[in-house]
Amino acid sequence: ITGQYQIGEAFSLVGQENVARRIELSNKYEARSQAIARITIGLAYFSLRDYQNALESFQSAENISEWDESQGKEVLYLLAGNAAMKAEDFDTAISKLKKSLSIDPEYSRPLITLGSGYYLQALKPFDKTTDPANIDLVLIDKAIEKYNQALEAKNQPALSDISTKVHFGLGQCHLMQAYAGMD
């Protein structure tokens with residue numbers, strides 16, 4: 001998980017002399033601080049390859065009452081989707097990634113992770129038998145579709161290497177198509 005992320009919009013400190021405004025700002029700071037703390041804990045678990053605890057930490061951040069969907073939650077859902085994917089909980093991963101995309105349909109990162117998820121699922125039957133005929137080519141096609149959508153998406157954070165990740169994923173998919181005997 002590399003690149004830049006934005007957890008919400010900047011908020012103005014104008015009107016600090018007003019007690020009501022200070023309370024409002026305090027609530028915003030508290031929600032943002034809680035979110036960052038839980039995400040940081042989740043990332044620590046992720047770095048230790050404890051994907052289940054990472055997922056639980058990310059999911060706990062979803063319930064912060066003052067943190068609404070428009071304040072960077074697409075990043076939280078992306079991180080949760082990545083953790084679930086690594087934990088091989090594909091249903092949760094897909095659900096979280098689709099939540100991220102419901103907030104920002106042009107966000108390339110969850111599209112890449114969806115592509116990777118479909119790719120990994122496509123190989124599950126093959127992993128058990130090592131028979132190329134068991135590669136799920138329908139899921140490979142879905143992976144290719146998501147990778148291509150990511151390449152076309154408008155929200156491609158500059159430090160995220162979107163093109164490299166997409167082309168690597170597409171290469172894997174095309175290799176598996178060829179290996180399965182698909183032209």
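**Ground rules.** The model is predicted, so I took local features only at pLDDT of at least 70 and side-chain atom pairs only at pLDDT 80 or more, while totals for chains, interfaces and linings use all residues. Residues are numbered from 1 along each chain as its sequence is written, and side-chain values use heavy atoms, with hydrogens and water left out.

**Salt bridges.** I looked for a side-chain nitrogen of Lys or Arg within 4 Å of a carboxyl oxygen of Asp or Glu, and the structure holds 3 such bridges.

I started with glutamate 62 and lysine 96, whose side chains meet at 2.6 Å, N to O. Glutamate 62 sits in helix H2 and lysine 96 in helix H4 (residues 90-103), so this pair ties together parts that are 34 residues apart in sequence. My helices are DSSP runs (H or I, at least four residues), numbered from the N terminus.

Buried or exposed, I asked of lysine 96? Lysine 96 is buried, at 9% relative accessible area, and glutamate 62 is buried too, at 14%. I call a residue buried under 20% relative accessible area, exposed over 50% and partly exposed in between (1.4 Å probe, protein chains only).

Next I checked lysine 99, which also bridges to glutamate 62, at 3.6 Å, N to O. Lysine 99 lies in H4 and glutamate 62 in H2, so parts 37 residues apart in sequence are tied together. Lysine 99 is partly exposed at 33%.

Then came lysine 124 with glutamate 88, their closest N and O atoms 2.8 Å apart. Lysine 124 is in helix H5 and glutamate 88 in the loop between H3 and H4, 36 residues apart. Through shared partners, Glu62, Lys96 and Lys99 join into one network.

**Surface patches.** For patches I used residues with over 30% relative accessible area and no salt bridge, joining like charges within 9 Å and nonpolar side chains (Val, Leu, Ile, Met, Phe, Trp, Tyr) within 5 Å. Ile41, Tyr45 and Leu48 make a nonpolar patch of about 300 Å². Isoleucine 41 is in helix H1 (residues 19-47) and is partly exposed at 44%.

**Positive phi.** I found threonine 130 with a positive phi of about 55°, although it is not a glycine. Threonine 130 lies in the loop between helix H5 (108-129) and helix H6 (137-152), and is exposed at 56%. Aspartate 161 has a positive phi near 55° as well. Aspartate 161 is in the loop between H6 and helix H7 (162-179), partly exposed at 46%.

Technical notes
Helices (H or I, at least four residues) and strands (E, at least two) are DSSP runs, numbered from the N terminus. Accessible areas come from the Shrake-Rupley method with a 1.4 Å probe; for residues, only the protein chains shown count as cover.
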